[in-house]
Amino acid sequence: MNISIFGLGYVGCVSLGCLAKNGHTVIGVDVSADKVNQINNGIATIVERDIDEIIAEEHKAGRIRATHDVNNAVLSSELSIVAVGTPSSEKGHLNLDYIFKVAEDIGQVLKSKNSFHVIAIRSTVMPGTCEKFARILEDNSGKLNNKDFAVIDNPEFLREGTAVYDYYNPPLTLIGSESDLATERVKSLYDQLPAEIIVTEVKVAEIMKYVNNTFHALKISFANEIGNICSAMGIDSHKVMDIFCMDKQLNISPYYFKPGFAYGGSCLPKDLKGLKTLAHDLYVPVPVIEGIDLTNNIQKQRAIGMLSKFFGKKIAVLGLSFKAGTDDLRNSPAVEIVEALIGRGFDIAIYDKNIQIAKLAGKNKEYIERHIPHLSKLMVDDLATLIQQSDVIIISNKEPEFLEMLKEVKGKKIIDMVRINSEEIIENNSYTGINW
């Protein structure tokens with residue numbers, strides 16, 4: 001394929017070399033005369049392992065060149081990759097001037113181009129950037145998005161120092177697109193790479209780089225705080241984290257990475273509090289660890305805020321324990337939400353078969369009688385009648401019986417804290433999820 005790349009910095013130079021090495025003919029475009037001259041002399045514009053050899057080889061083979069001429073680059077290519085810089089302001093906002101200048105330039109050329117042209121944005125951009133980029137193209141070309149051209153998001157996940165390796169060994173390839181033709185054209189660039197190609201909504205793709213890198217920063221900061229605690233106690237923190245990373249079922253896995261309701265139960269709150277107390281006693285500051293409980297409380301307040309507008313309605317709470325399949329009420333976020341709403345005078349009834357059983361004996365009987373006897377009085381044992389008589393239904397854990405019963409329900413207001421993933425329930429009712 002004939003490809004033009006706008007921006008010959010880090011991402012642009014690596015993409016230029018690697019795409020050419022894969023057999024494509026690639027034209028680099030940059031405002032810098034030095035960068036254009038370097039590429040046209042077979043010299044890489046960056047210092048990065050292996051890229052200098054690749055650029056030299058592909059230049060010699062005649063598969064790469066560079067130019068200032070946007071008109072020539074766009075008319076000579078089927079696909080344009082945008083890899084210009086998006087620097088941050090002091091307040092953290094992105095400077096997208098370079099991105100939108102490229103949109104204006106390409107738009108002017110598209111006026112006289114009759115074939116369908118694809119623009120793939122690889123620069124790190126905020127959600128909504130591709131949409132604005134497309135509007136600028138339309139304004140400057142007089143042509144229509146997803147008819148005469150298409151703008152897709154194709155974020156890069158390259159690490160400095162290993163960028164060439166990362167290019168050829170990605171964990172996945174992500175394409176955010178609304179055009180089937182553009183999707184197929186961009187997918188063909190990556191067919192030979194050993195990774196799944198994920199096609200998703202444009203805004204989902206646009207935000208992924210921020211999510212990934214923020215989590216990487218979080219991991220480093222969390223590991224450092226654990227290291228500081230261990231150091232204060234003479235413990236080898238690398239042994240601790242090596243063992244931590246061996247758990248691929250919970251620690252390094254998709255488990256727990258599902259936005260939704262707050263955490264609760266006996267273990268997480270207790271052990272988090274214990275580690276914070278240990279750090280405090282050792283005079284070790286741990287702001288990341290300290291912030292975990294704060295974020296959890298914010299999620300509870302978010303739920304209360306969502307429910308506050310239903311004052312005067314009959315509200316059913318399905319599930320009082322902290323998660324499905326248990327009768328454990330300790331630190332259950334559902335208990336906290338219900339207590340907050342009762343304090344404001346809400347009309348609430350609760351169903352949880354596990355708690356009905358737990359009321360009869362054991363530690364939970366003692367907990368209910370001592371800590372929440374007022375909630376015990378609000379519990380009912382007929383789920384079907386409760387749903388029928390309620391205006392608003394709050395799903396606070398994933399008991400299978402809730403899902404089965406709600407499939408028969410229509411016209412109710414449903415507030416989902418756990419993402420039930422049922423098209424029947426969502427389509428037949430007024431449905432809202434806490435994070436979706």
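**The parallel sheet and its aromatic contacts**

Strand E9 (residues 314-318) and strand E11 (residues 392-395) run parallel and are joined by four bridges. Within this pairing, Val317 stands opposite Ile394 in E11. The model is a predicted one, and the description below should be read accordingly.

The pairing of E9 with E11 belongs to an open sheet of five strands, ordered E10-E9-E11-E12-E13, with parallel pairing. Its edges are formed by E10 and by strand E13 (430-433), each of which pairs on one side only. From one strand to the next, the twist averages 20°.

Across the whole structure, a search finds six aromatic pairs. One of them joins Tyr255 and Tyr256 in an edge-to-face arrangement, with 4.7 Å from centre to centre and 75° between the planes. Tyr255 counts as partly exposed because its relative accessibility is 45%, whereas Tyr256, with a relative accessible area of 57%, is exposed, the cut-off for that class being over 50%.

Tyr351 lies in strand E10 (residues 347-351) and Phe402 in helix H18 (residues 400-406), so the contact ties together parts that are 51 residues apart in sequence. Both residues fall under the 20% limit for burial: Tyr351 is buried at 8% relative accessibility, and Phe402 is buried with a relative accessible area of 2%.

Finally, the annotated site. The UniProt record, an unreviewed entry, places the feature "active site" at Cys267. In the model, Cys267 lies in the loop between helix H10 (237-246) and helix H11 (268-281). Its relative accessibility is 47%, and Cys267 therefore counts as partly exposed, a class that lies between the 20% limit for buried residues and the 50% limit for exposed ones.

Notes: Residues are numbered from 1 along each chain as its sequence is written. This is a predicted model: local features need pLDDT of at least 70, side-chain atom pairs count only at pLDDT 80 or more; totals for chains, interfaces and linings use all residues. Side-chain values use heavy atoms; hydrogens and water are left out. UniProt positions are given in the numbering used here, feature names are shortened, and annotations may be inferred rather than shown by experiment. Helices (H or I, at least four residues) and strands (E, at least two) are DSSP runs, numbered from the N terminus. Buried means under 20% relative accessible area, exposed over 50%, partly exposed in between (1.4 Å probe, protein chains only). Rings of Phe, Tyr and Trp (its six-membered ring) pair if their centres lie within 6.5 Å; planes under 30 degrees apart count as stacked, over 60 as edge-to-face and the rest as tilted. Two strands pair if DSSP finds at least two bridges between them. Axes are lines fitted to C-alpha atoms, for helices over the stretch in contact, and angles run from 0 to 180 degrees between N-to-C directions.
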